[in-house]
Amino acid sequence: AAMSHADAGVAPVIATMPMGGGAVSGPGAGQLQVQWGVGNELRVCRVQGAAARDRDQPNGGNGVLSSGAAYVVQWSFIAGAQQRVAEETLPAFEALRGRLANASARGNPNGAAAASIAAAQQFAGSVSAVLRQRAKAADAEGNGRAASEIGTAHAVWELISLYFVEPGGGTGVVTEQLVRWYQRHAATLQSGPDALPARIGALLAGIPGAGAAPEEAPGFWECFASMVAVGWTEAAVDLAMLHSCWAEWRMGKAAVKPQAELLEAVLSLLRRSPRLGADCGGASEDGSTLGASSATSVPQFLAFREGWVRQVREVLTDSALFDACFDIRTGEGVRAALAVMAGDETAISRATPGGWLELLVASVRHQYPQLKAHSEHASLAERCVGVKGPGLSEEMDLLLKAVIEVNAAETVGVCSHHMDTWFLAHLAELLVSAA
(Lines give C-alpha, C1' and ligand atoms only; values in the text may rest on other atoms or scores of the structure.)
Protein backbone atom coordinates (compact mmCIF):
# COMPACT_ATOMS: atom_id res chain seq x y z
CA ALA A 1 0.00 0.00 0.00
CA ALA A 2 1.37 3.42 -0.90
CA MET A 3 1.38 5.85 2.03
CA SER A 4 1.53 9.63 1.70
CA HIS A 5 3.98 11.17 4.18
CA ALA A 6 2.45 13.88 6.37
CA ASP A 7 5.43 16.25 5.98
CA ALA A 8 7.53 15.44 2.94
CA GLY A 9 4.63 14.73 0.56
CA VAL A 10 6.35 11.60 -0.81
CA ALA A 11 4.71 8.18 -1.16
CA PRO A 12 7.16 5.41 -0.22
CA VAL A 13 5.97 1.80 -0.25
CA ILE A 14 6.41 0.63 3.32
CA ALA A 15 4.35 -2.56 3.23
CA THR A 16 2.61 -4.73 0.69
CA MET A 17 -0.30 -7.11 1.26
CA PRO A 18 -1.32 -9.42 -1.60
CA MET A 19 -4.85 -9.08 -2.96
CA GLY A 20 -7.03 -11.70 -1.31
CA GLY A 21 -4.83 -11.85 1.80
CA GLY A 22 -1.46 -13.36 2.63
CA ALA A 23 1.76 -12.44 4.40
CA VAL A 24 2.75 -8.78 4.60
CA SER A 25 6.11 -8.06 3.01
CA GLY A 26 8.31 -5.02 2.59
CA PRO A 27 10.34 -2.85 4.94
CA GLY A 28 7.39 -2.27 7.23
CA ALA A 29 6.47 -5.91 7.75
CA GLY A 30 5.99 -6.60 11.46
CA GLN A 31 6.78 -2.99 12.35
CA LEU A 32 3.52 -1.14 11.65
CA GLN A 33 0.65 -0.10 13.85
CA VAL A 34 -2.59 0.56 11.92
CA GLN A 35 -5.75 2.20 13.24
CA TRP A 36 -8.96 3.32 11.57
CA GLY A 37 -9.27 7.05 11.13
CA VAL A 38 -12.35 8.97 9.98
CA GLY A 39 -14.30 7.40 7.13
CA ASN A 40 -12.18 5.73 4.44
CA GLU A 41 -8.95 6.39 6.28
CA LEU A 42 -6.18 4.38 7.95
CA ARG A 43 -3.61 5.91 10.30
CA VAL A 44 -0.26 4.19 10.26
CA CYS A 45 2.79 4.65 12.46
CA ARG A 46 5.95 2.65 12.96
CA VAL A 47 6.39 0.42 16.00
CA GLN A 48 9.41 1.55 18.05
CA GLY A 49 11.99 -0.71 19.72
CA ALA A 50 15.43 -2.30 19.35
CA ALA A 51 14.14 -5.09 17.13
CA ALA A 52 12.67 -2.56 14.73
CA ARG A 53 15.87 -0.45 14.72
CA ASP A 54 18.19 -3.42 14.18
CA ARG A 55 16.12 -5.08 11.43
CA ASP A 56 17.78 -5.17 8.04
CA GLN A 57 16.20 -2.43 5.93
CA PRO A 58 15.86 -3.16 2.18
CA ASN A 59 15.38 0.54 1.54
CA GLY A 60 18.95 1.18 2.62
CA GLY A 61 18.02 2.95 5.85
CA ASN A 62 17.22 6.25 4.14
CA GLY A 63 15.41 7.56 7.24
CA VAL A 64 11.97 7.88 5.63
CA LEU A 65 10.54 5.56 8.27
CA SER A 66 12.38 7.14 11.18
CA SER A 67 10.98 7.68 14.66
CA GLY A 68 8.01 10.04 14.65
CA ALA A 69 6.98 9.42 11.02
CA ALA A 70 3.20 9.12 10.59
CA TYR A 71 1.19 8.16 7.55
CA VAL A 72 -2.42 8.47 6.48
CA VAL A 73 -4.00 6.23 3.87
CA GLN A 74 -7.20 7.62 2.31
CA TRP A 75 -9.27 6.30 -0.56
CA SER A 76 -12.47 7.36 -2.31
CA PHE A 77 -12.51 10.53 -0.27
CA ILE A 78 -15.96 12.10 -0.29
CA ALA A 79 -17.06 15.63 0.43
CA GLY A 80 -19.96 17.99 -0.10
CA ALA A 81 -23.30 16.45 -1.04
CA GLN A 82 -21.89 12.91 -1.11
CA GLN A 83 -20.50 13.35 2.40
CA ARG A 84 -23.92 14.44 3.64
CA VAL A 85 -25.44 11.31 2.09
CA ALA A 86 -22.92 9.16 3.96
CA GLU A 87 -23.54 10.95 7.24
CA GLU A 88 -27.33 10.87 6.98
CA THR A 89 -27.48 7.18 6.07
CA LEU A 90 -25.27 6.14 8.99
CA PRO A 91 -28.21 5.79 11.44
CA ALA A 92 -29.99 3.50 8.95
CA PHE A 93 -26.85 1.40 8.63
CA GLU A 94 -26.45 1.12 12.40
CA ALA A 95 -30.14 0.22 12.77
CA LEU A 96 -29.75 -2.51 10.14
CA ARG A 97 -26.79 -4.02 12.01
CA GLY A 98 -28.80 -4.02 15.22
CA ARG A 99 -31.83 -5.66 13.60
CA LEU A 100 -29.65 -8.31 11.96
CA ALA A 101 -28.00 -9.08 15.29
CA ASN A 102 -31.41 -9.53 16.88
CA ALA A 103 -32.53 -11.69 13.96
CA SER A 104 -29.50 -14.00 14.25
CA ALA A 105 -30.24 -14.47 17.95
CA ARG A 106 -33.63 -16.01 17.17
CA GLY A 107 -33.88 -19.73 17.68
CA ASN A 108 -36.27 -20.22 14.76
CA PRO A 109 -34.44 -20.09 11.37
CA ASN A 110 -37.64 -19.11 9.57
CA GLY A 111 -38.26 -16.30 12.01
CA ALA A 112 -34.67 -15.12 11.64
CA ALA A 113 -34.96 -15.06 7.84
CA ALA A 114 -38.21 -13.10 7.96
CA ALA A 115 -36.71 -10.61 10.43
CA SER A 116 -33.65 -10.19 8.22
CA ILE A 117 -35.80 -9.44 5.15
CA ALA A 118 -37.88 -6.97 7.16
CA ALA A 119 -34.66 -5.26 8.26
CA ALA A 120 -33.52 -5.09 4.64
CA GLN A 121 -36.81 -3.47 3.62
CA GLN A 122 -36.51 -0.82 6.33
CA PHE A 123 -32.88 -0.18 5.42
CA ALA A 124 -33.70 0.14 1.72
CA GLY A 125 -36.50 2.61 2.43
CA SER A 126 -34.41 4.72 4.80
CA VAL A 127 -31.48 5.00 2.39
CA SER A 128 -33.84 5.77 -0.49
CA ALA A 129 -35.41 8.62 1.48
CA VAL A 130 -32.00 10.17 2.15
CA LEU A 131 -30.95 9.89 -1.50
CA ARG A 132 -34.20 11.49 -2.65
CA GLN A 133 -33.83 14.41 -0.21
CA ARG A 134 -30.16 14.95 -1.01
CA ALA A 135 -30.77 14.92 -4.78
CA LYS A 136 -33.50 17.55 -4.37
CA ALA A 137 -31.28 19.63 -2.10
CA ALA A 138 -28.34 19.50 -4.52
CA ASP A 139 -30.63 20.56 -7.37
CA ALA A 140 -32.04 23.44 -5.30
CA GLU A 141 -28.47 24.56 -4.54
CA GLY A 142 -27.64 24.62 -8.25
CA ASN A 143 -25.21 21.72 -7.93
CA GLY A 144 -26.24 19.94 -11.11
CA ARG A 145 -23.43 17.41 -11.07
CA ALA A 146 -24.14 16.24 -7.52
CA ALA A 147 -27.90 16.19 -8.22
CA SER A 148 -27.30 13.98 -11.25
CA GLU A 149 -24.93 11.60 -9.45
CA ILE A 150 -27.14 11.24 -6.38
CA GLY A 151 -30.24 10.98 -8.56
CA THR A 152 -28.67 8.13 -10.51
CA ALA A 153 -27.67 6.41 -7.27
CA HIS A 154 -31.26 6.81 -6.06
CA ALA A 155 -32.67 5.25 -9.25
CA VAL A 156 -30.27 2.31 -9.13
CA TRP A 157 -30.77 1.78 -5.40
CA GLU A 158 -34.56 1.67 -5.73
CA LEU A 159 -34.44 -0.71 -8.71
CA ILE A 160 -32.13 -3.07 -6.80
CA SER A 161 -34.44 -2.91 -3.80
CA LEU A 162 -37.43 -3.64 -6.03
CA TYR A 163 -35.92 -6.81 -7.51
CA PHE A 164 -33.84 -8.15 -4.64
CA VAL A 165 -35.77 -7.34 -1.46
CA GLU A 166 -38.92 -9.48 -1.20
CA PRO A 167 -40.19 -8.50 -4.68
CA GLY A 168 -43.90 -7.89 -4.85
CA GLY A 169 -44.32 -8.47 -1.12
CA GLY A 170 -43.48 -12.14 -1.66
CA THR A 171 -45.65 -12.62 -4.78
CA GLY A 172 -42.77 -11.90 -7.14
CA VAL A 173 -45.07 -9.67 -9.22
CA VAL A 174 -43.62 -6.14 -9.32
CA THR A 175 -45.69 -4.59 -12.13
CA GLU A 176 -46.98 -1.58 -10.21
CA GLN A 177 -43.68 -1.03 -8.41
CA LEU A 178 -41.81 -1.03 -11.73
CA VAL A 179 -44.28 1.46 -13.22
CA ARG A 180 -43.87 3.82 -10.25
CA TRP A 181 -40.08 3.40 -10.30
CA TYR A 182 -39.92 4.43 -13.95
CA GLN A 183 -42.21 7.38 -13.33
CA ARG A 184 -39.94 8.64 -10.55
CA HIS A 185 -36.64 8.12 -12.35
CA ALA A 186 -37.23 8.28 -16.11
CA ALA A 187 -35.91 11.84 -16.33
CA THR A 188 -32.78 10.93 -14.37
CA LEU A 189 -32.00 7.98 -16.64
CA GLN A 190 -31.68 10.39 -19.62
CA SER A 191 -32.59 7.90 -22.33
CA GLY A 192 -32.45 10.43 -25.14
CA PRO A 193 -34.75 12.83 -27.05
CA ASP A 194 -37.28 10.10 -27.86
CA ALA A 195 -37.78 9.14 -24.22
CA LEU A 196 -41.10 10.22 -22.73
CA PRO A 197 -39.76 12.93 -20.35
CA ALA A 198 -38.03 14.73 -23.23
CA ARG A 199 -41.11 14.48 -25.46
CA ILE A 200 -43.35 15.80 -22.69
CA GLY A 201 -41.02 18.78 -22.31
CA ALA A 202 -41.25 19.50 -26.02
CA LEU A 203 -45.04 19.14 -25.92
CA LEU A 204 -45.44 21.54 -23.01
CA ALA A 205 -43.29 24.06 -24.86
CA GLY A 206 -45.51 23.74 -27.94
CA ILE A 207 -48.96 23.84 -26.31
CA PRO A 208 -49.10 27.66 -25.97
CA GLY A 209 -48.62 27.91 -29.72
CA ALA A 210 -51.72 25.78 -30.31
CA GLY A 211 -53.94 28.49 -28.90
CA ALA A 212 -57.45 27.38 -27.89
CA ALA A 213 -56.88 23.82 -29.14
CA PRO A 214 -54.03 22.25 -27.13
CA GLU A 215 -54.79 18.85 -28.71
CA GLU A 216 -53.43 20.21 -31.99
CA ALA A 217 -49.95 20.78 -30.52
CA PRO A 218 -47.30 18.55 -32.12
CA GLY A 219 -46.89 15.30 -30.18
CA PHE A 220 -50.06 15.67 -28.09
CA TRP A 221 -51.64 12.34 -28.97
CA GLU A 222 -48.33 10.52 -29.21
CA CYS A 223 -47.50 11.59 -25.66
CA PHE A 224 -50.98 10.60 -24.51
CA ALA A 225 -50.53 7.07 -25.87
CA SER A 226 -47.06 6.85 -24.34
CA MET A 227 -48.29 7.97 -20.91
CA VAL A 228 -50.98 5.31 -21.07
CA ALA A 229 -48.40 2.74 -22.18
CA VAL A 230 -45.99 3.22 -19.27
CA GLY A 231 -48.77 3.59 -16.70
CA TRP A 232 -48.54 7.32 -16.03
CA THR A 233 -52.30 7.41 -15.60
CA GLU A 234 -52.60 10.70 -13.71
CA ALA A 235 -50.48 12.51 -16.31
CA ALA A 236 -52.51 10.99 -19.16
CA VAL A 237 -55.77 12.12 -17.57
CA ASP A 238 -54.41 15.61 -16.98
CA LEU A 239 -53.27 15.86 -20.60
CA ALA A 240 -56.62 14.70 -21.98
CA MET A 241 -58.40 17.25 -19.82
CA LEU A 242 -56.61 20.02 -21.77
CA HIS A 243 -58.66 19.08 -24.85
CA SER A 244 -60.67 22.03 -26.10
CA CYS A 245 -63.91 20.02 -26.28
CA TRP A 246 -64.41 20.24 -22.51
CA ALA A 247 -64.56 24.03 -22.48
CA GLU A 248 -66.78 24.07 -25.56
CA TRP A 249 -69.11 21.48 -24.06
CA ARG A 250 -69.47 23.56 -20.88
CA MET A 251 -70.39 26.52 -23.09
CA GLY A 252 -73.22 24.49 -24.60
CA LYS A 253 -71.68 23.64 -27.96
CA ALA A 254 -73.53 20.42 -28.85
CA ALA A 255 -71.28 19.62 -31.82
CA VAL A 256 -68.42 18.57 -29.54
CA LYS A 257 -70.52 16.06 -27.62
CA PRO A 258 -69.16 13.01 -29.57
CA GLN A 259 -65.57 14.03 -28.78
CA ALA A 260 -66.37 14.52 -25.10
CA GLU A 261 -68.12 11.14 -24.93
CA LEU A 262 -65.22 9.37 -26.60
CA LEU A 263 -62.68 11.00 -24.28
CA GLU A 264 -64.84 10.29 -21.25
CA ALA A 265 -65.01 6.61 -22.22
CA VAL A 266 -61.23 6.20 -22.35
CA LEU A 267 -60.62 8.30 -19.22
CA SER A 268 -63.17 6.30 -17.26
CA LEU A 269 -61.35 3.09 -18.19
CA LEU A 270 -57.99 4.60 -17.30
CA ARG A 271 -59.21 5.66 -13.88
CA ARG A 272 -60.51 2.15 -13.18
CA SER A 273 -57.51 0.15 -14.38
CA PRO A 274 -56.89 -2.72 -11.90
CA ARG A 275 -53.79 -2.71 -9.71
CA LEU A 276 -52.17 -5.33 -7.53
CA GLY A 277 -51.28 -4.61 -3.92
CA ALA A 278 -52.81 -2.89 -0.95
CA ASP A 279 -50.44 0.04 -1.48
CA CYS A 280 -51.81 0.61 -4.99
CA GLY A 281 -55.43 1.22 -4.10
CA GLY A 282 -55.83 4.00 -6.61
CA ALA A 283 -53.48 6.30 -4.74
CA SER A 284 -51.17 8.36 -6.88
CA GLU A 285 -47.82 9.88 -6.00
CA ASP A 286 -49.51 13.11 -4.94
CA GLY A 287 -52.16 11.37 -2.83
CA SER A 288 -55.03 11.67 -5.31
CA THR A 289 -57.26 8.70 -6.06
CA LEU A 290 -58.43 7.44 -9.41
CA GLY A 291 -60.92 4.79 -8.33
CA ALA A 292 -58.77 1.89 -9.54
CA SER A 293 -59.70 -1.64 -8.49
CA SER A 294 -57.11 -2.79 -6.00
CA ALA A 295 -56.54 -6.56 -5.84
CA THR A 296 -54.97 -8.24 -2.83
CA SER A 297 -53.81 -11.41 -4.65
CA VAL A 298 -52.53 -12.30 -8.10
CA PRO A 299 -55.60 -14.42 -9.02
CA GLN A 300 -57.92 -11.61 -7.96
CA PHE A 301 -55.87 -9.10 -9.94
CA LEU A 302 -56.02 -11.25 -13.08
CA ALA A 303 -59.78 -11.63 -12.69
CA PHE A 304 -60.23 -7.86 -12.31
CA ARG A 305 -57.96 -7.26 -15.29
CA GLU A 306 -59.78 -9.75 -17.52
CA GLY A 307 -63.07 -7.89 -16.99
CA TRP A 308 -61.39 -4.52 -17.50
CA VAL A 309 -59.71 -5.54 -20.77
CA ARG A 310 -63.05 -6.83 -22.03
CA GLN A 311 -64.54 -3.38 -21.42
CA VAL A 312 -61.59 -1.73 -23.20
CA ARG A 313 -62.16 -3.89 -26.27
CA GLU A 314 -65.86 -3.13 -26.25
CA VAL A 315 -65.12 0.59 -26.49
CA LEU A 316 -62.38 -0.01 -29.05
CA THR A 317 -64.78 -1.85 -31.36
CA ASP A 318 -67.68 0.58 -30.88
CA SER A 319 -67.88 1.89 -34.45
CA ALA A 320 -70.78 4.21 -33.70
CA LEU A 321 -68.82 5.97 -30.96
CA PHE A 322 -65.82 6.60 -33.23
CA ASP A 323 -67.87 7.43 -36.34
CA ALA A 324 -69.70 10.18 -34.46
CA CYS A 325 -66.39 11.88 -33.59
CA PHE A 326 -65.78 14.36 -36.43
CA ASP A 327 -62.25 15.18 -35.22
CA ILE A 328 -60.12 12.52 -36.92
CA ARG A 329 -56.99 13.24 -34.84
CA THR A 330 -58.91 12.88 -31.57
CA GLY A 331 -60.48 9.65 -32.76
CA GLU A 332 -57.17 8.15 -33.84
CA GLY A 333 -55.43 9.33 -30.67
CA VAL A 334 -58.03 7.67 -28.45
CA ARG A 335 -57.97 4.53 -30.61
CA ALA A 336 -54.18 4.23 -30.23
CA ALA A 337 -54.43 4.56 -26.45
CA LEU A 338 -57.21 1.95 -26.24
CA ALA A 339 -55.16 -0.45 -28.36
CA VAL A 340 -52.29 -0.09 -25.89
CA MET A 341 -54.66 -0.74 -22.97
CA ALA A 342 -55.97 -3.84 -24.75
CA GLY A 343 -52.40 -5.20 -24.94
CA ASP A 344 -51.84 -4.84 -28.69
CA GLU A 345 -48.14 -5.51 -29.27
CA THR A 346 -47.78 -3.22 -32.28
CA ALA A 347 -49.55 -0.34 -30.55
CA ILE A 348 -47.37 -0.75 -27.44
CA SER A 349 -44.17 -0.75 -29.49
CA ARG A 350 -45.30 2.34 -31.43
CA ALA A 351 -46.11 4.14 -28.16
CA THR A 352 -42.65 3.52 -26.68
CA PRO A 353 -40.07 5.17 -28.96
CA GLY A 354 -37.86 5.92 -25.93
CA GLY A 355 -36.03 2.59 -25.97
CA TRP A 356 -36.05 -0.92 -24.58
CA LEU A 357 -36.62 0.06 -20.94
CA GLU A 358 -39.70 2.06 -21.87
CA LEU A 359 -40.97 -0.92 -23.89
CA LEU A 360 -40.27 -3.25 -20.97
CA VAL A 361 -42.33 -1.16 -18.56
CA ALA A 362 -45.22 -0.91 -21.05
CA SER A 363 -45.10 -4.63 -21.85
CA VAL A 364 -45.18 -5.59 -18.19
CA ARG A 365 -48.00 -3.14 -17.61
CA HIS A 366 -50.28 -4.12 -20.48
CA GLN A 367 -49.24 -7.54 -21.80
CA TYR A 368 -47.63 -9.54 -19.03
CA PRO A 369 -48.65 -7.97 -15.68
CA GLN A 370 -48.43 -11.34 -13.90
CA LEU A 371 -44.77 -12.04 -14.76
CA LYS A 372 -42.49 -12.92 -11.83
CA ALA A 373 -39.50 -10.66 -11.32
CA HIS A 374 -37.11 -13.47 -10.36
CA SER A 375 -37.69 -15.74 -13.31
CA GLU A 376 -39.42 -13.98 -16.18
CA HIS A 377 -38.49 -10.32 -16.47
CA ALA A 378 -34.98 -11.06 -17.75
CA SER A 379 -36.16 -12.85 -20.90
CA LEU A 380 -38.70 -10.11 -21.60
CA ALA A 381 -35.96 -7.48 -21.21
CA GLU A 382 -33.81 -9.31 -23.75
CA ARG A 383 -36.72 -9.38 -26.16
CA CYS A 384 -37.27 -5.64 -25.70
CA VAL A 385 -33.58 -4.96 -26.42
CA GLY A 386 -33.96 -7.04 -29.57
CA VAL A 387 -36.91 -4.89 -30.68
CA LYS A 388 -35.57 -1.45 -29.74
CA GLY A 389 -31.81 -1.97 -29.74
CA PRO A 390 -29.42 -1.01 -26.93
CA GLY A 391 -29.76 2.22 -24.98
CA LEU A 392 -27.58 5.30 -25.23
CA SER A 393 -25.40 4.22 -22.29
CA GLU A 394 -23.79 0.79 -22.46
CA GLU A 395 -22.87 1.02 -18.78
CA MET A 396 -26.46 1.77 -17.73
CA ASP A 397 -27.74 -1.06 -19.94
CA LEU A 398 -25.37 -3.53 -18.26
CA LEU A 399 -26.44 -2.37 -14.82
CA LEU A 400 -30.17 -2.41 -15.54
CA LYS A 401 -30.01 -5.87 -17.11
CA ALA A 402 -27.94 -7.29 -14.24
CA VAL A 403 -30.54 -6.06 -11.75
CA ILE A 404 -33.50 -7.27 -13.81
CA GLU A 405 -31.82 -10.69 -14.07
CA VAL A 406 -31.59 -10.65 -10.25
CA ASN A 407 -27.92 -11.52 -10.62
CA ALA A 408 -26.29 -10.34 -7.41
CA ALA A 409 -22.69 -11.03 -8.47
CA GLU A 410 -23.12 -9.26 -11.81
CA THR A 411 -24.92 -6.33 -10.16
CA VAL A 412 -22.11 -5.83 -7.66
CA GLY A 413 -19.52 -6.21 -10.41
CA VAL A 414 -21.08 -3.55 -12.63
CA CYS A 415 -21.67 -1.22 -9.67
CA SER A 416 -18.01 -1.55 -8.68
CA HIS A 417 -17.07 0.10 -11.99
CA HIS A 418 -19.66 2.85 -12.05
CA MET A 419 -20.79 3.62 -8.48
CA ASP A 420 -18.81 4.99 -5.53
CA THR A 421 -17.54 3.02 -2.53
CA TRP A 422 -20.32 4.31 -0.26
CA PHE A 423 -22.87 2.78 -2.63
CA LEU A 424 -20.98 -0.52 -2.84
CA ALA A 425 -20.69 -0.85 0.93
CA HIS A 426 -24.40 -0.25 1.48
CA LEU A 427 -25.33 -2.44 -1.48
CA ALA A 428 -23.40 -5.34 0.03
CA GLU A 429 -25.23 -4.96 3.33
CA LEU A 430 -28.59 -4.80 1.55
CA LEU A 431 -28.00 -7.90 -0.56
CA VAL A 432 -26.71 -9.98 2.35
CA SER A 433 -29.62 -9.08 4.61
CA ALA A 434 -32.17 -9.67 1.85
CA ALA A 435 -30.74 -13.03 0.74
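Residues are numbered from 1 along each chain as its sequence is written, and the side-chain values rest on heavy atoms, with hydrogens and water left out. Because the model is predicted, local features need pLDDT of at least 70 and side-chain atom pairs count only at pLDDT 80 or more, whereas totals for chains, interfaces and linings use all residues.

A cavity is here a set of points, on a 1 Å grid over the protein atoms alone, where a 1.4 Å probe fits but cannot get out; its lining residues have an atom within 4 Å of a point. Grid points are joined across faces, edges and corners, and the volume is the space filled by probe spheres set on the points. The model holds 2 cavities of 30 Å³ or more.

The largest cavity has a volume of about 70 Å³. Its lining consists of Thr175, Glu176, Ser273, Pro274, Phe301, Arg305, Trp308, Arg365, His366 and Pro369. Helices H5 (175-189), H11 (298-316) and H15 (356-366) each give two or more residues to this lining, and H11 gives the most, with 3 residues. Helices are DSSP runs of H or I with at least four residues, numbered from the N terminus. By class, the lining has 4 nonpolar, 3 polar and 3 charged residues; Ala, Val, Leu, Ile, Met, Phe, Trp, Tyr, Cys and Pro count as nonpolar, Asp, Glu, Lys and Arg as charged, and the others, Gly among them, as polar.

The second largest cavity contains about 50 Å³ of space. Met227, Val228, Gly231, Trp232, Thr233, Leu270, Ser273, Trp308, Met341, Arg365 and His366 line this cavity. The lining divides into 6 nonpolar, 4 polar and 1 charged.

Definitions and conventions: 1 Å grid on protein atoms, 1.4 Å probe; cavity = no way out; pocket = protein on both sides within 12 Å on 5 of 7 lines; lining within 4 Å.
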